[in-house]
Amino acid sequence: MPSYRVQFEIMGLRPGHRPEAVLDGAVKAIRENFHVDDQQVDVVAGSPRITVRFTVPDSSDAEEVSLATLACAAAHEAVDRVAVLGRQWILRRSGGRWLPVEPA
């Protein structure tokens with residue numbers, strides 16, 4: 001099954017929310033429809049960044065990208081409730097590399 005990952009730059013928490021709610025929300029939103037393989041929080045150039053790696057069912061490239069885009073949108077909505085978002089990325093595993101994909 002094709003592996004994707006979505007990453008969100010976190011600019012800050014919305015009032016009344018704990019830091020754990022950011023990653024938890026993204027994982028829960030993606031897990032509703034897809035298998036979550038891994039999750040992590042990193043600090044890149046001083047900004048927190050969450051990453052959720054997940055798989056989508058085998059299909060055509062266009063369908064897989066469409067499903068990954070839907071997962072990203074669900075995660076974005078969940079995270080936006082608890083945090084202020086910066087940039088976001090959708091990446092697809094190809095061989096040993098992660099390549100950016102354009103949303104469908």
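Which strands and which helix do the buried residues of H2 pack against? The legends below take that up, using a predicted model.

**Figure 1. The whole protein, from one end of the chain to the other.** Taken along the principal axes, the C-alpha atoms fill a box of roughly 40 × 30 × 20 Å. As for what is tucked away, 40% of the 104 residues count as buried. Look at contacts with a separation of 6 or more, and 67% of them come from residues 24 or more positions apart.

Figure 2. The accessible surface comes to about 6000 Å², and carbon and sulfur atoms own 50% of that. On the charge side, there are 12 positive and 14 negative side chains. The centres of those two sets sit 5 Å apart.

Figure 3. H2 covers residues 61-80 and has 20 residues. From its first C-alpha to its last it reaches 28 Å, close to the 28 Å expected at 1.5 Å a residue. Its buried residues are Glu64, Val65, Leu67, Ala68, Thr69, Ala71, Cys72, Ala75, Ala78 and Val79. Back to the opening question: these buried residues pack against strand S1 (3-13), helix H1 (20-31), strand S3 (47-55) and strand S4 (83-94).

**Figure 4. Alanine 71, a buried spot on H2.** Zoom in on helix H2 and you will find alanine 71 there. Its relative accessible area is 3%, so alanine 71 is buried. Setting aside neighbours within four places in sequence, alanine 71 is in contact with Ile30, Phe34 and Phe54. Take phenylalanine 34: in sequence it is 37 residues from alanine 71, yet C-alpha to C-alpha the two are 7.9 Å apart.

**Figure 5. Helix H1 and its packing partners.** H1 has 12 residues and reaches 16 Å from first C-alpha to last, close to the 16 Å expected at 1.5 Å a residue. Val22, Leu23, Gly25, Ala26, Val27, Ala29 and Ile30 are buried in this helix. The buried residues of H1 pack against S1, strand S2 (35-44), S3, H2 and S4. Ile30, one of the buried residues here, also turns up among the contacts of alanine 71.

**Figure 6. Valine 6, a buried residue in strand S1.** Valine 6 has its place in S1. Is it buried or exposed? Valine 6 counts as buried, because its relative accessibility is 1%. Leave out neighbours within four places in sequence, and valine 6 is in contact with Ile30, Ile50, Thr51, Val52, Phe54, Cys72 and Trp89.

**Figure 7. Alanine 45, an exposed loop residue.** Alanine 45 lies in the loop between S2 and S3. With a relative accessible area of 82%, alanine 45 is exposed. Check the backbone while you are here: phi of alanine 45 is near 50 degrees, a positive value in a residue other than glycine.

Definitions and conventions:
Residues are numbered from 1 along each chain as its sequence is written. This is a predicted model: local features need pLDDT of at least 70, side-chain atom pairs count only at pLDDT 80 or more; totals for chains, interfaces and linings use all residues. Side-chain values use heavy atoms; hydrogens and water are left out. Buried means under 20% relative accessible area, exposed over 50%, partly exposed in between (1.4 Å probe, protein chains only). Contact means heavy atoms within 4.5 Å. Accessible areas come from the Shrake-Rupley method with a 1.4 Å probe; for residues, only the protein chains shown count as cover. Lys and Arg count as positive and Asp and Glu as negative; His and the chain ends are not counted. The place of a charge is taken as NZ of Lys, CZ of Arg, CG of Asp or CD of Glu. Helices (H or I, at least four residues) and strands (E, at least two) are DSSP runs, numbered from the N terminus. The expected span of a helix is 1.5 Å times one less than its number of residues.
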